Every structure is written in structure tokens, then in C-alpha cells.
Amino acid sequence: MIRFARNIAFTVIIICSIQVIGAELRIKPGNVVHITVLGYPELSQMVLVRQDGTTDYPLLANIPIDGMTVHSLHELLQPILVRFIERPKLFLNIAEYRQISVTVEGQVNIPGTHAINEPISLQGILSVSGGTTSKADLRNITINRRELESYREIKVNLYDFYSDRENTVLPEIKDGDIIFVPLASSQTSVRVMGAVNAPGSFIPIQDENIADMINRAGGAQLNGNLSAVIYLAFNDGKHIRENIKLRHLVNDGLTNQIPIVRPGDIIIVTEKKWYREISWYVDILRDFTIVVSSLVILSRL
């Protein structure tokens, strides 16, 4: 009876082992295989499985391993190691992520097709693409995803996510996605002009005011007059002018009175009058300094 019970238990163990081996994950292109040979660091490597199933591991050169399990790869590699090492102790592990191909076009600094490891978020792939330009319209990003024999367009408003991360869910990025970041138009951006360090058009984030937009434009230049900022508010197809004493509002702690900007608005930081009057003398002084510096350098040659 005891022997019969042992036989039953042994049979159950064998069946369970077969099921575990059968359920073992198989190697796929894009996986990273950790190969460890104890005592031999030169043979212990992390290798990427290419699209054709091969790796850079020297003892597996040109041998496809995609579709194998850890157990079958161990059985393949162990006899090869025995040729060089006596009783090698081999350990294998598969990192469960794969490489996918995603194309990003439009207002990004490094457009094109990128091979990346999944999972990756929309912000992550935009970062891989060098980030968005200052002219990017993050409210109207599109993801074109292939489904069967056609493409499905997914609209993404990234500013909604930044404004309310708890209730906004971004779509997952999948293999073959084509992401397009459009150029911001005058109807979707706020234009900052005049005496600022980096004039341009910027997409306003929720509740940003005039001061915020000037900061995004690099701040005011030395000749910028923040006591006389011209604000052209876009309303019903036309601009309404308002003069904003921004410096006084900030210094007096009245930041709640600084107008909130909307798409289509224009902000102009004017120049200080005294700076315009002495700018001619400043240019002469600058040119004189350059000439004197050049003469000093030539005299030392």
C-alpha cells in the first residue's frame, strides 16, 4: 500500500513537472537572456535576442534561440560549455520584455522610427524622440495603430493628462504605432513677442497666466519693461488690447489679478524707453570693446 502511494506521488510529480516545463515562457525576439557561468565572468553575459532569433553570445553565434524555453536553451548550451569547461555551472534567466518599433513624426527633436523595449508610455517615447519642440501642439497628438488591414486613429490630449493625472488614462504604446505631434496654430497657442529671451508660440497649460507664459519664453530681457506689457486677448475672432502692469501686480502680491491666458492670445513685452535712448551708445561701447580686445591680443602675438 505504501509502495503504491509512493508510485502515485512520483507519477503526480512527473506530471506536474511536465506541465511546468510545458507552461514555461518561450524566448522571443527582443527578450534579454541573462547567461551566468559560475567562475567564468567572460562567459557570463546579458544578450539581446534579435529579430532573426540570434544573439551576440560567442558560443551561440548564428544559432537561433527564439521559441526555446530556458530548459531547452540550457540543454543546448551545456554540452557546448563542456568542450571548454569541466563541469560548468550554468544558470539562465529571461527578461520578460521585448523590443518594439515605433515611429514618431512632427514636432519632435529626433523624428523617425525608434526600436525600444516595451512597456513604454507616450511620455517615454516622446522622450526617446528627443522631446517635443516649443511649437508642438500637445493637445492634438494622434496615434495611428494598425488593426487587421487598416489603421485606427487615437486622439490624445496630453495637457488633460498633465492637468488631471488621476482621472486621465493615456493609451498604451504598441508595436508598429505611428505617432504624430502636430504644429501648434495661432488658434491653439499663445504667442509671446517683444523683449523676451526666447519669443515664440506656446500651448497654454490649464490656468497659466501672462507671467507664466513670459517665463516659458525665457523671461524678459534686460531691456524688457514688465510695467507695460501689452496683452491682446483673443475673443470672438478678434483681439482686445489691455495694458498690464505686471511688475506692480507681482511686487504687490496681486498675482490673482494677472489675466489667465487662452489659446489665440498675444503677449508683447515692450522695451524700456531709457534703454532705447542709450542703445546707440551701448552699441558703440560694445564695438569699441571688441576693437580694443583685438588690439591687445594682436600685440601679444
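**Close-up views of a predicted model**

**View 1. Arg 145 and Asp 177 form a salt bridge between buried partners.** Arg 145 and Asp 177 are both buried, where buried means under 20% relative accessible area, exposed means over 50% and partly exposed lies in between, with a 1.4 Å probe and protein chains only. Their closest N and O atoms are 2.7 Å apart; a salt bridge here is a side-chain nitrogen of Lys or Arg within 4 Å of a carboxyl oxygen of Asp or Glu. The pair links distant parts of the chain, 32 residues apart: Arg 145 sits in strand E6, and Asp 177 in the loop between helix H4 (158-163) and strand E8 (178-181). Helices (H or I, at least four residues) and strands (E, at least two) are DSSP runs, numbered from the N terminus.

A quick note before the other views: this is a predicted model, in which local features need pLDDT of at least 70 and side-chain atom pairs count only at pLDDT 80 or more, while totals for chains, interfaces and linings use all residues. Residues are numbered from 1 along each chain as its sequence is written, and side-chain values use heavy atoms, leaving out hydrogens and water.

**View 2. Two further salt bridges are shown here, Asp 56 with Arg 50 and Arg 216 with Glu 208.** The count by this rule is three. Asp 56 and Arg 50 meet at 2.0 Å, N to O; Asp 56 is exposed at 57% relative accessible area, and Arg 50 is partly exposed at 34%. For Arg 216 and Glu 208 the N to O distance is 2.7 Å. Arg 216 is partly exposed at 29%, whereas Glu 208 is buried at 11%.

**View 3. Five strands make an open, mixed sheet in the order E5-E4-E8-E6-E7.** Strand E5 (112-117) and strand E7 (150-156) are at the edges with a single partner strand each, so one side of each has no neighbour in the sheet. Strand E6 (residues 141-147) runs antiparallel to E7 over seven bridges; two strands pair if DSSP finds at least two bridges between them. Asn 144 stands opposite Glu 153 in E7.

**View 4. Strand E11 (residues 224-235) pairs antiparallel with strand E13 (residues 266-271) and runs antiparallel to strand E12 (residues 238-244).** Five bridges join E11 to E13, and Leu 232 has Ile 266 as its bridge partner in E13. Seven bridges join E11 to E12, where Val 229 partners Ile 244. Two residues lie between the strands of the E11 and E12 hairpin, in which Asp 236 takes a positive phi near 55°.
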